[in-house]
Amino acid sequence: MIELAPLWLTLKLALSTTLILFIIAVPLANWLTGDKGVFKVVVQTIVSMPLVLPPTVIGFYLLLAFSPANWFGHWLEQWFNIRLVFSFSGLLIASVIYSFPFMVHPIQSGLSSLSPSLKEASYSLGKTKWQTLSKVLLPNIKPSLLTGIVLTFAHTVGEFGVVLMIGGNVPNKTRTASIAIYDEVDALHYHSANIYAGILLALSFAILLLLYSFNRKMQQARFY
Amino acid sequence: MNKILLALLLAIQTLSLWAQPKITVAVAANMQYTIQELITEYNKTDKTKIEVVLGASGKLTQQIQNGAPFDIFISADKEFPQKLAENKLTLEAPKVYAQGLLVLWSARPNIQPTKDLKLLLGSNIKNIAIANPKTAPYGHAAEAILKKYGLYDKVSPKLVTGESISQTSQFIVTQNADIGFTAKSIVISKETQGKGKWVELNAQDYPPIEQSAALLKHAKQNNEAAAKKFYTFLYSAKAKTIYNKFGYIVK
Amino acid sequence: MIEFSLQKNLHTAEGEMQLHVTAKIERGQFVSLYGASGAGKTSILRMLAGFMKPDNGYIKVDHTEWYNGLLKNYLEPQQRRIGFVFQDYALFPNMNVRENLLFALGKNEPTNIVDELLDVTGLTNLAARKIQALSGGQQQRVALARAIAKKPAILLLDEPLSAIDSVMRAQLQDTLREIHKRYALTTILVSHNTDEIIKLSDVVIQLEQGRFTRQTTPADFFRNGNDTGTLTGNIVSIDDNGNAVVLIDNRLLHINIGGKFNVNDKVKIKANEIM
């Protein structure tokens, strides 16, 4: 009764979202750390918005934005022949927006917990900003990086409202595990719903358990 | 402190005494505009407050089975109320109140829906909205007509599924879906007037969407008389005029 | 030759302060910046390093312009050839001692300087240790060795010894002096420890309220009645003529202090009296 497709799709979505967000979030978090200008405060606020907004707000605006009846959707369709709604790419964009703070915040708080002199010391030794980030700053905030990665992954696995609004329940494209559960419950197929739900439950538990035991180990390693 | 509490309790008591009798009706999404008119008509003679919960029929059935406090269920088909009757969740056997019609609808300026559905194969149609066939009777009917015309396998990659007929209609109106199947009652309502073009599909080519309603067991604990009265009204001549107006067939 | 003139409006805890200083420093000199906390010493060091941008002025090092406010020239810290020792050492916890030093070198630079520096600073046996496993004094040595691994044009020391106990501090002062000579460095030290300044520096520059008020030798500086230079110590023994032995910073000092003191009294001694 249960198909593996929704689970694979969920995994694919979560992994892609995590990878994309990591690439975006590291430089962004680095830029946000340190002196705050007005512009930075605005960006910081925008980054944090998905924390407080219901997913339906994001879903609603994406639905409007993606529609070919509006300029953005129209432009995408005219120039690139892309329609984002009901597609995996659309879902990916939504997930990236929706999980933004879950990646940026841990990395940012990790970076700001480092002494500013660490960065300056590296500059004084002739290292570029990028070398400083990759060789000095990031290696010293590994637990924060891991937290960001795991939270983003888990949050994407658990994403539901946005997917429900812009997904259209298309098998292999937008029918994620959380949607499949909802669907099976509605169709009174409690048995299949139970299997999907059980798998997600076990997965979430395993991921978080791994994170906490790793961070514990890192903590102990600091003081050996 | 105790006095304040007592006063508060009293106030709540009085408020609920003053409150008009209230019943809750679970309504299939295709009836979302029709039910408003039914209630307006009903309230001309009876001030009973009627609360509406909209959803796909299957979804509502699921909720009722899990103890949702609904007094009446107005479904989009016969099967779901029947299932509730079998599970002894209704007070009497469900009855058909109207028959719904399936339409093909598009809000995109350059798409003209046709009865034969052949246009769905065209490359200008990237996606087709349909209500979830498992839970929404109109979705089930749409799937049936596509199969009958031998189009289902060819167009199934284009299908996007709305969780109810309302979400399906929303996909069509926002033009996120190029075209889609919905209920006639939705396209002829005031709210969607002038938004795109639609065509009524051949009613012989899909199983009749006979919509029935049921008086639910929950009414017994709530306000059985009020619920029973509104339930009876659903089958009255006045109600039938309204069904007609919204494009339903009434026998 | 290092010449600089720096103007900067500083926002301090006590309000706004206009920093405006000009100085010339000869190559190979050991210069101490002396002044009360909040006078702007660290800001000057940070502007020389390029961590803080002056509002106006210039910095010239051996005929190369690091900064010119008029021409809007500004060299980033990476291009300035500086060694900087921070108050908190700023060692990289993800690297061991040797890796911290190696990090200072470019890709294809020979690494023998690292071994030499480890030897000079007495760190050879600790080379493979993680930073967290070192004492404060050892960390200070690593910071110092790392700062000069690149053979900087200026070595900038921001109160490097303030957090270290006095026995260790004396040893480190010796190391510092030795390194300064051995590698012919030009060094600027921020300190408010009179003892340290006298021991290490060729020139003292006094900073008061954002201005340089004096630039001279330590001997001259403390002889001419600069009463901010006082030392505090305890009397260890005293005879009838007032000849006392005073313990100051773990050293014993013989001095005649007159008859009105007893053993264990705490005494303050003006720096010019010691000279």
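## Overall make-up of chain A

Chain A contains 11 helices and 0 strands, where helices (H or I, at least four residues) and strands (E, at least two) are DSSP runs numbered from the N terminus. Read from the N terminus, the elements of chain A follow the order α-α-α-α-α-α-α-α-α-α-α. This is a predicted model, in which local features need pLDDT of at least 70 and side-chain atom pairs count only at pLDDT 80 or more, while totals for chains, interfaces and linings use all residues. Residues are numbered from 1 along each chain as its sequence is written, and chains are lettered from A and ligands numbered from 1 in the order in which they are written.

Along the principal axes, the C-alpha atoms of chain A fill a box of roughly 60 × 45 × 25 Å. Of the 224 residues in chain A, 40% are buried, a residue being buried if 20 or more other C-beta atoms lie within 10 Å of its own, exposed if 12 or fewer, and partly exposed in between, with C-beta atoms placed from the backbone. Among the contacts in chain A with a separation of 6 or more, 74% join residues 24 or more positions apart; two residues are in contact if their C-beta atoms, placed from the backbone, lie within 7 Å.

## Helix packing in chain A

Helix 2 (residues 38-52) and helix 5 (residues 88-113) of chain A have axes that come within 7 Å and cross at roughly 110°, the axes being lines fitted to C-alpha atoms, for helices over the stretch in contact, with angles that run from 0 to 180 degrees between N-to-C directions. Helix 2 of chain A and helix 5 of chain A are therefore roughly perpendicular (angles under 35 degrees count as roughly parallel, over 145 as roughly antiparallel, 65 to 115 as roughly perpendicular and the rest as oblique). From helix 2 of chain A, A:Val47, A:Ser48, A:Pro50 and A:Leu51 meet A:Ile97, A:Tyr98, A:Phe100, A:Pro101 and A:Val104 of helix 5 of chain A. The residues of this contact divide into 8 nonpolar, 1 polar and no charged, where Ala, Val, Leu, Ile, Met, Phe, Trp, Tyr, Cys and Pro count as nonpolar, Asp, Glu, Lys and Arg as charged, and the others, Gly among them, as polar.

Helix 10 of chain A is largely enclosed by the rest of the structure, because 8 of its 10 residues are buried. These buried residues include A:Asp183, A:Glu184 and A:Asp186, and just after helix 10 of chain A, A:Leu188 takes a positive phi of about 65°.

The contact between chain A and chain B takes 18 residues from chain A and 15 residues from chain B. On the chain A side, helix 3 (55-66) and helix 10 (177-186) each supply at least two residues, and that side divides into 12 nonpolar, 3 polar and 3 charged residues.

## The contact with chain C

Chain A places 15 residues in contact with 17 residues of chain C. Helix 6 (residues 116-124) of chain A gives the most to the side of chain A that touches chain C, with 6 residues, and by class this side has 6 nonpolar, 6 polar and 3 charged residues.

## A helix pair in chain B

In chain B, the axes of helix 2 (residues 32-43) and helix 11 (residues 237-245) come within 10 Å and cross at roughly 150°, and the two helices are therefore roughly antiparallel to each other.
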